[in-house]
6 protein chains.
Amino acid sequence: MNKNQHNTRIQKAVQCLASLQEDGKLSHCTCDGEPNPSRDELKEIIELCRSVLFPGFFGDNAAINPATLPYHLGVNMERLFSKLSSQLYAGMCFGDDNRQMSERKALAKDMASEFIEKLPEIKEILTTDVEAIFNGDPAAKNFGEIILSYPGIRAIVNYRIAHCLLQIGANILIPRIITEMAHSETGIDIHPGATIGKYFAIDHGTGIVIGETCIIGNNVKLYQGVTLGAKSFPTDADNNPIKGIPRHPILEDNVVVYAGATILGRITIGKNSVIGGNTWVTTDVAAGSVITI
Amino acid sequence: MNKNQHNTRIQKAVQCLASLQEDGKLSHCTCDGEPNPSRDELKEIIELCRSVLFPGFFGDNAAINPATLPYHLGVNMERLFSKLSSQLYAGMCFGDDNRQMSERKALAKDMASEFIEKLPEIKEILTTDVEAIFNGDPAAKNFGEIILSYPGIRAIVNYRIAHCLLQIGANILIPRIITEMAHSETGIDIHPGATIGKYFAIDHGTGIVIGETCIIGNNVKLYQGVTLGAKSFPTDADNNPIKGIPRHPILEDNVVVYAGATILGRITIGKNSVIGGNTWVTTDVAAGSVITI
Amino acid sequence: MNKNQHNTRIQKAVQCLASLQEDGKLSHCTCDGEPNPSRDELKEIIELCRSVLFPGFFGDNAAINPATLPYHLGVNMERLFSKLSSQLYAGMCFGDDNRQMSERKALAKDMASEFIEKLPEIKEILTTDVEAIFNGDPAAKNFGEIILSYPGIRAIVNYRIAHCLLQIGANILIPRIITEMAHSETGIDIHPGATIGKYFAIDHGTGIVIGETCIIGNNVKLYQGVTLGAKSFPTDADNNPIKGIPRHPILEDNVVVYAGATILGRITIGKNSVIGGNTWVTTDVAAGSVITI
Amino acid sequence: MNKNQHNTRIQKAVQCLASLQEDGKLSHCTCDGEPNPSRDELKEIIELCRSVLFPGFFGDNAAINPATLPYHLGVNMERLFSKLSSQLYAGMCFGDDNRQMSERKALAKDMASEFIEKLPEIKEILTTDVEAIFNGDPAAKNFGEIILSYPGIRAIVNYRIAHCLLQIGANILIPRIITEMAHSETGIDIHPGATIGKYFAIDHGTGIVIGETCIIGNNVKLYQGVTLGAKSFPTDADNNPIKGIPRHPILEDNVVVYAGATILGRITIGKNSVIGGNTWVTTDVAAGSVITI
Amino acid sequence: MNKNQHNTRIQKAVQCLASLQEDGKLSHCTCDGEPNPSRDELKEIIELCRSVLFPGFFGDNAAINPATLPYHLGVNMERLFSKLSSQLYAGMCFGDDNRQMSERKALAKDMASEFIEKLPEIKEILTTDVEAIFNGDPAAKNFGEIILSYPGIRAIVNYRIAHCLLQIGANILIPRIITEMAHSETGIDIHPGATIGKYFAIDHGTGIVIGETCIIGNNVKLYQGVTLGAKSFPTDADNNPIKGIPRHPILEDNVVVYAGATILGRITIGKNSVIGGNTWVTTDVAAGSVITI
Amino acid sequence: MNKNQHNTRIQKAVQCLASLQEDGKLSHCTCDGEPNPSRDELKEIIELCRSVLFPGFFGDNAAINPATLPYHLGVNMERLFSKLSSQLYAGMCFGDDNRQMSERKALAKDMASEFIEKLPEIKEILTTDVEAIFNGDPAAKNFGEIILSYPGIRAIVNYRIAHCLLQIGANILIPRIITEMAHSETGIDIHPGATIGKYFAIDHGTGIVIGETCIIGNNVKLYQGVTLGAKSFPTDADNNPIKGIPRHPILEDNVVVYAGATILGRITIGKNSVIGGNTWVTTDVAAGSVITI
């Protein structure tokens, strides 16, 4: 084939795809230059959060010391405020939001500053998570090692940020992308809608799935390959799944779930229970139980 | 040790490794400046495909609107043509291809434009995949959410691109790198040689393996941790595995496979069957069956 | 809310987080401009190792040929020496190292050049790993395909580098980050402390976990989802796990472990044994055994 | 000095400079996230203009051919529209503009699209400039050489763009930065307010100054070091220079000015005159004159 | 020629240049990993200075407001301290400095923090320079325009920074590179050793040269192409120029020098004098004089 | 105006400019993916030359020492060979070259390796230039200062590279862009065709012009603003300038030309002459003369 024939193929494909767009289902058109939800922007937002939550471990950390820490926190938070406002606004533009553009923008800023207000709380609960891993893993020598190299903590950080954003009222798309970023990096898939207590520890983690309506107490530990999923969900008259019905497990305080266990449905795993590896659990488990294969 | 001693170590290692190369097994030498298969280039090729298949979601999307869409499609496709030609050519240079360099180059361009010609078809089938996920997941609120955040769709996009390239005649190396990129991002490992029908849905997905000779019908859904693998493969007189023999399962239309199920060998899972979680299936399953642990 | 109110929230969060730091557990303060362990730096270190171990496949490879190979090896090794010294030094600064800064710097350089001295050995054993995959997978057409696209080899390369660094005396943090980088990319989690023989092959690999005290012989093959873990570990009087006690399995030569198998505790899997998929093994297995579900 | 003392100096300087800002003369505060005039953005705007005016010479030009040219023009112009709107808006925010923010934004977009409408005109007159250099310089072998390597044409391109923006109503700051960018690159300082006819040629060019109220006819040529400046300007009662009064020379058609000549004041250099090198001219020159030192 | 012949040429040139180095005059060898004076680093240092001196005009300025200004100043100054210390240390390593490495490093840090301490003074005098340009140029509409687009102010900023560093004791190389950077951008060549008073204004500026021992009073204005140079310099017995002897002009307060004037030797131009364009001045000029061609 | 109206303007401008291209004078179309002459590529080529000619001063110089120098030289030269071949080939594609593409490619490689062969010679003559500046400037303390900060040496390096390429047979476009890059950075405009002897020194340099047919002896020094130009050039019957006739001055050994002097036409400035500042010289000057204004 010669160059003209290649060009003809390209031109035909352009015409074909341009006309295919007309349904608009798989294409997205910004109306007035508003930003798009962006993985790159959200990645930077997570980096900014990390640098603020764990100063000296992440970010441009060469020169952090107590005297200059507030400067770094301030600059990073202002940047976080700007970028997060923009992405929250982008998220709103994806939904069926009927508010005016200016109203949406203002709301996005309010949510962003509310999130910043909650960062100290997020830091406090993350401290308990790091401690839980430290106390439970003989290999971990110090907090820094966990913060810098454990995939579990990486997934939990993203989850706690995403969960907070969801509570504040962010369009689900933004928290979803945030937890999916961690899923991609770590193989740990936590839905931002799940509720998870303090001192939460994940070991190895690849293959873990935690569903949207899970409720996890304090001091719970999960190993790799654990699924906390839905068994089935009721459908309406048109055979469409009914949304919002609790359908994932409740794990009470101090539960440990070993590798490969599958726990399905709105069941309760009672306090202090131990769920053995590769088990298949679909009914309530009394407090203090030990379930094995 | 002083600087000279460090230098001596470096120099000795250089000499040693330079002479080790002579077998040529683990080193690669370009003969005449031809390009190498490159993850970075292939990553950009995938990004270009995404921007063309889902305009406004990927790529430099700030300004997409129907009036200017053809410009963006055109520029992206021309770049895609150029980069893909180059990588297909690079793939050929890795094989035992006896053709002249100029012939290989021309062939690579023909394949690249043929691929572009097929992009509308790829888009059509991907539309069914997005719809399948949308219809099957109560959490998904709109197509955009699926396109932007679901790992399953990310893996399927790469698979459909890689499969098309393989059919067009690309050296296996290029499609393999493309599906491995998705494997790395999502934990979903689909061989480009597998055959997969319309309305294919993956949920969560981490740990899924779909082997080279699998045949999957329409409207099939897989959960995380599912293996569609080979049970064993016949060997020749020299005890080497014989290539190309069908050795992976066939899944007929409307099959659902739950998390952790393992299906091995050239068996057939009949229409409308449901394979339960953590099952181990190595024999044919009649249509409409429900298999549980 | 107006701009001032947003600023107030930011300022309050700055103050709160700045004062929270005082415990110093989740923040890291460099005393005198020493470098931090850095994923980006370690990523580049791995890239340099790859370009030196597999010349022409990785790195700026357009122009590699036997005549100029030593130049490329030399430049890459000098850069590797510089970057690795810096990261090894950074690792030391994280520990409880009482040595002087200048002594630590000198030690880091010695370790870096020792590592470079061992690169030819690492290359030799990696050659056996590539061969093992090549011989065991009918789909693999040549070494290049394995080097460029197989996640298993990617994980093994990082493991062998990390293991070597650990043996040389590097602070555990550096090898851990290196194996975690591979874990994130491939879903394969190998602890740098494990001991692994020649001709080691991994297929697919997602979900594999290999614990710290594992000992793996020659010619062993693992499929996806295999766990070589600890069953339990003795605790001291204060209920803290005792460190350093061997607690993971020993796999003798020629063992094959199929997908999803879980092998736990300090048990021995005898030579030439085959462990079937989804099995749960917690006791010794005699040589030549075949274990199935 | 120790680290604390260094920190103290930094903290004192921060306080001092933060309080110094209060006059607001040398600091700039954006009210509501509006963009700032940006050299980097304007540089990219100029690159986009060049790629549109001289396709194949500038920009990502590897693949330009007549069949795909419209795609490239379209994408570049849309990007130009977006970036130029933003910078024109930024320019307005610097002035004493009393309009509403939304009105200013709309106006900036109107100006940007008006500029794009005028690009074909700009291209036409630039064609005459390139021709003039080509015809006047025995060393120039083709148009491409002039477009790619002559500083004179680089300065003229920026001037014609800046002049057009000024006529359209842009705040002077934006055109000024554009001509200063050329000044920095070429040593040729043309005020965007000057009026310059067709077939304008500059040779070498370093040190040329062309003042704000200059009027230059068609087919004029200037050598390096030529000043077309103001001799003096009337001042008002407060001894401040009165703005806007014509104070720079008029050069009629076909004038040539050799290196180092200085022409000052609102004088007229008649048609077809030749002004010799290093001359000092402050009075009218009749048509057809030859002035030498 | 074939590939081998090209390789041979390269290899011979390598050998030849490697052996040529032995004189060490045109090559530079770092002894122990110390940094090199770096244009890129110094460019960033200047950008940091600009962002601190003119906040909101330079740097990442999107979000500057009075409430968050101290954060930005603090972060930028800490980065400036780090980078400047490093470059000052690099400068010392170029000289014949006999001090220990650790002593040099400490000294460099002291100089860097002393420089930061003087930034408010530098800002104050720069304010007078901007005012002088504003008052003297009818075209300038506001301070921002001057700060963002006038080459004169760009050159003066670099000069004042370089002069301050020289006074503090920096090796001449660092200030020289800083003023050469401005020379390259603006065509204005000011030696860092020159002494220049307040309210210093430069118009256009291309071709200005201000020599090392110049002394310039307050409220002086220079136009393009002005040279303040040395006429001749006494030589010693070996015919080498004697260093450090004042050999450049003194310009007293309120002097104006028009375009292209050349003023040579250790002469004094008295207060309130006006030196006309293209003049050649090599003897003292009494206060209040007007010199023309 | 609304979005549609902006789009209409853009679309009309696209159509208009796309059709304007048809003359092909100001657009450039690559026939078959050949490279374009590229400022960015040539900039990198110059950087590679600098790093090879002045090792440790330019390039990635952190680790240069005599033991590893050959590695760095080798890698840089191989890269130089590759990039320069490509640009020389690009230059040929601009001319009226009738050779086959493959022949041109081979020729470009031959020229590139010939250039590399001449690098030691270029280094030798540049050594004399650096010495000349060092000996003539009391301010210069060491060679490093000159190499790193003197614009004169920067311009001479580019000239000597460009001149060598021209002699080897490169299309004039490539050397022209190289000298123009130096012109832009330094204000010194040296035509690559000029012939310049050893020990050539430039001081300050802004505004210097050295014409195509200049011949400059050994040990010549030029100050800023010096023009070595053509007075006039004979035209043919059609009034077009006749190319290639010597029309610029000859400066014999040991000539010094002070700031602002203009020397025009094919005249000879005899040995050991001194041409004073701001002079205008258009006739031969006897050896040993001193010319003043």
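The legends below describe close-up views of a predicted model.

Local features need pLDDT of at least 70 and side-chain atom pairs count only at pLDDT 80 or more, while totals for chains, interfaces and linings use all residues. Residues are numbered from 1 along each chain as its sequence is written, chains are lettered from A in the order in which they are written, and side-chain values use heavy atoms, without hydrogens and water.

**View 1. Chain B laid on chain A.** The copies use different surfaces, as 6% of the contact residues of chain B recur in chain A (contact: heavy atoms within 4.5 Å).

**View 2. The open sheet of chain B.** Five strands pair in parallel in the order E3-E6-E9-E12-E14 (strands are DSSP runs of E, at least two residues, numbered from the N terminus; a pair needs at least two DSSP bridges). Strands E3 (201-202) and E14 (290-291) of chain B stand at the edges with a single partner strand each, so one side of each has no neighbour in the sheet. Two bridges join E9 (residues 256-257) to E12 (residues 274-275) in chain B, and Val257(B) has Ile275(B) as its bridge partner.

View 3. His183(A) lies in helix H8 (residues 173-186) of chain A (helices: DSSP runs of H or I, at least four residues). His183(A) is buried, at 3% relative accessible area (buried: under 20%, 1.4 Å probe, protein chains only). Beyond four places in sequence, His183(A) touches Ile188(A), Asp189(A), Pro151(B), His204(B) and Thr206(B).

Technical notes
Buried < 20%, exposed > 50% of the residue type's maximum accessible area, 1.4 Å probe, protein only.
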